[in-house]
Amino acid sequence: MTALERWRGQALPATAEERAAALWSFAYFFMLLAGYYVLRPLRDQMGIAGGVRALPWTFTATFVTLLVAQPLYGALVARVPRVRFIPIVYHFFVANLALFWLLLTLDIATVTVARIFFVWVSVFNLFAVAVFWSFMADLFTSEQGKRLFGFIGAGGTAGALLGPSITIGLSVPLGPINLLLVAMAFLELAVLCVHRLEGTANAGQAPHVKKDERIGGSAFAGMTELARSPYLLGVAIWVSLMSFGATILYFAQANIVAATIHGAGAQTRIFASMDLAVGLLTLATQVFATGALLKRFGTVTSLAAVMVFQVVQRWMNFAIANPARQVFFTVLDREEKYKAKNLIDVVIYRGSDALYGWVFDSLQGLGLKLGAIALCALPVVAGWLILSMALGRTQERRAAAAQEGCR
């Protein structure tokens, strides 16, 4: 084995039959997150422009929007085969971006449109990424997920590097509004990757799963599945506690940037620069470490590592915790993968964002400084660690039972 072959095997631990599906999955996530990270700095700057004290209201508006959108998504999943509903979701988002571009270009109700845009980007991020990982959990087994999700996640990280780089480089010459066109192009390329992936992803997929097969069930099935499954409830609580850590850090970051960095252009650049730094660290970790960690230690140790390195929460979250969390869903049935998973990743996550945004605001109202608020978060992080270990063990038992059943 040459040094190049060894390096390739470490970066892409796929069999010959899996390689095409893994590469198209990488490209799909790359295009998706490149488009999102073009938009994210614009959203964050608009959030500050509306006033950091108004952020809890925007988080709440996002949650209410998701409550309305979730049953509509559930109905689409139930009635339309996977090969059709995934492109429909992304084409819908592209049409939304075209409308935002038109309204902002014509200077129609700019302040109102900007506030709606902040909420929309938050909704888009959760739905678009949740659809991607539901697709991945449907295509790959638990064993494949432990080997491949780190590499596939690195595709998103690479896109997350390109997105803010484009925003940094083109926000002045093109203007922020015209960056919406760049994001639209990336989303359409993501749809192209979906079509190619559908044609190459049969290797390792369960024989009874067909891309043109409807999932069926009720539009509200995700709620009943969540309520009757202790495993899914545990995952939902885990996601909520992850939101707690992310929200506290986001609000602290917004307060610091608002107080120390002045001007919309400078604020947009600082947010894009932070995204770029997180992406560089995450990409290196995902390509060379995540697959080995998940394969050797499973989800228990990998998620515990995230708690230890809470100080670099976003880096560890994107590099290790997110791929590990997606493995949780590979041991579920198809309806749970698309409906209950989406309910957890979208509604539970953003509802927790809204709740913890008000918690942060209330703690500030009581006179607590940022350091004191961080100390209050430590017991919650400890609970998150304990739950991570319990869920990891449960997932591994389920995966072992499923493997025995296939023999």
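Modeller: Let us begin with burial: a residue is buried when its relative accessible area is under 20%, exposed when over 50%, and partly exposed in between. The coordinates come from a predicted model.

Biologist: Why is alanine 160 called buried?

Modeller: The relative accessibility of alanine 160 is 7%, and the limit for burial is under 20%, so the residue counts as buried. Alanine 160 is placed in helix H6, residues 142-170.

Biologist: What makes up the secondary structure of the chain?

Modeller: The chain has 13 helices and 0 strands. Of its 407 residues, 55% are buried. Among contacts with a separation of 6 or more, 87% join residues 24 or more positions apart.

Biologist: How many salt bridges does a search of the whole structure find, and what makes glutamate 18 and arginine 147 one of them?

Modeller: The search finds 2. A salt bridge requires a side-chain nitrogen of Lys or Arg within 4 Å of a carboxyl oxygen of Asp or Glu. For glutamate 18 and arginine 147 the N to O distance is 2.8 Å, so the pair meets the criterion. Glutamate 18 belongs to helix H2 (residues 16-49) and arginine 147 to helix H6; the pair, 129 residues apart, links distant parts of the chain.

Biologist: Are these two partners buried or exposed?

Modeller: Glutamate 18 has 6% relative accessibility and therefore counts as buried. Arginine 147, at 10%, counts as buried as well.

Biologist: How do you know that glutamate 143 and arginine 147 meet in a salt bridge?

Modeller: Their N to O distance is 2.6 Å, and the cut-off is 4 Å, so this pair also qualifies. Both residues lie in helix H6, 4 residues apart, which is about one turn of the helix. Residues three or four places apart in an α-helix point the same way, because there are 3.6 residues a turn. Glutamate 143 has a relative accessible area of 43%, so it is classed as partly exposed. Glu18, Glu143 and Arg147 are thus linked in a network of salt bridges.

Biologist: What makes a set of residues a nonpolar core, and how many residues has the largest one?

Modeller: The members must be buried residues of the nonpolar types, Tyr and Cys included, joined through side-chain atoms within 4.5 Å. The largest such core has 89 residues, and those with the most contacts inside it are Tyr28, Tyr90 and Met136. Helix H5 (residues 110-139) supplies the largest share of this core, 19 residues. Apart from that core lies another, of 12 residues, including Phe244, Tyr250, Ala354 and Leu363.

Biologist: Which residues does tyrosine 28 touch?

Modeller: Leaving aside residues up to four places away in sequence, its contacts include Ile86, Tyr90, Phe132, Phe135, Met136, Ala190 and Leu197. Of these, Ile86 and Tyr90 are among the buried residues of H4, while Ala190 and Leu197 are among those of H7.

Biologist: How do you know that the span of H4 agrees with expectation?

Modeller: At 1.5 Å a residue, its 24 residues should span 34 Å, and its end C-alpha atoms are 35 Å apart, which agrees. Helix H7 (residues 179-200), with 22 residues, reaches 32 Å from its first C-alpha to its last, close to the 32 Å expected.

Biologist: Why is isoleucine 108 called partly exposed?

Modeller: Its relative accessibility is 39%, which falls between the limits of 20% and 50%, so the label applies. Isoleucine 108 is also found in the loop between helix H4 (82-105) and H5. With Leu99, Leu102 and Leu106, Ile108 makes a nonpolar surface patch of about 360 Å².

Methods. Residues numbered from 1 in each chain as written. Predicted model: local features only at pLDDT ≥ 70, side-chain atom pairs only at ≥ 80, totals over all residues. Heavy atoms only, no water. Helix = DSSP H or I, 4+ residues; strand = E, 2+ residues; numbered from the N terminus. Buried < 20%, exposed > 50% of the residue type's maximum accessible area, 1.4 Å probe, protein only. Contact = heavy atoms within 4.5 Å. Expected span 1.5 Å × (residues − 1). Patch = residues over 30% accessible without salt bridge, like charges linked within 9 Å, V, L, I, M, F, W, Y side chains within 5 Å. Areas by Shrake-Rupley, 256 points an atom, 1.4 Å probe, with all protein chains shown as cover.
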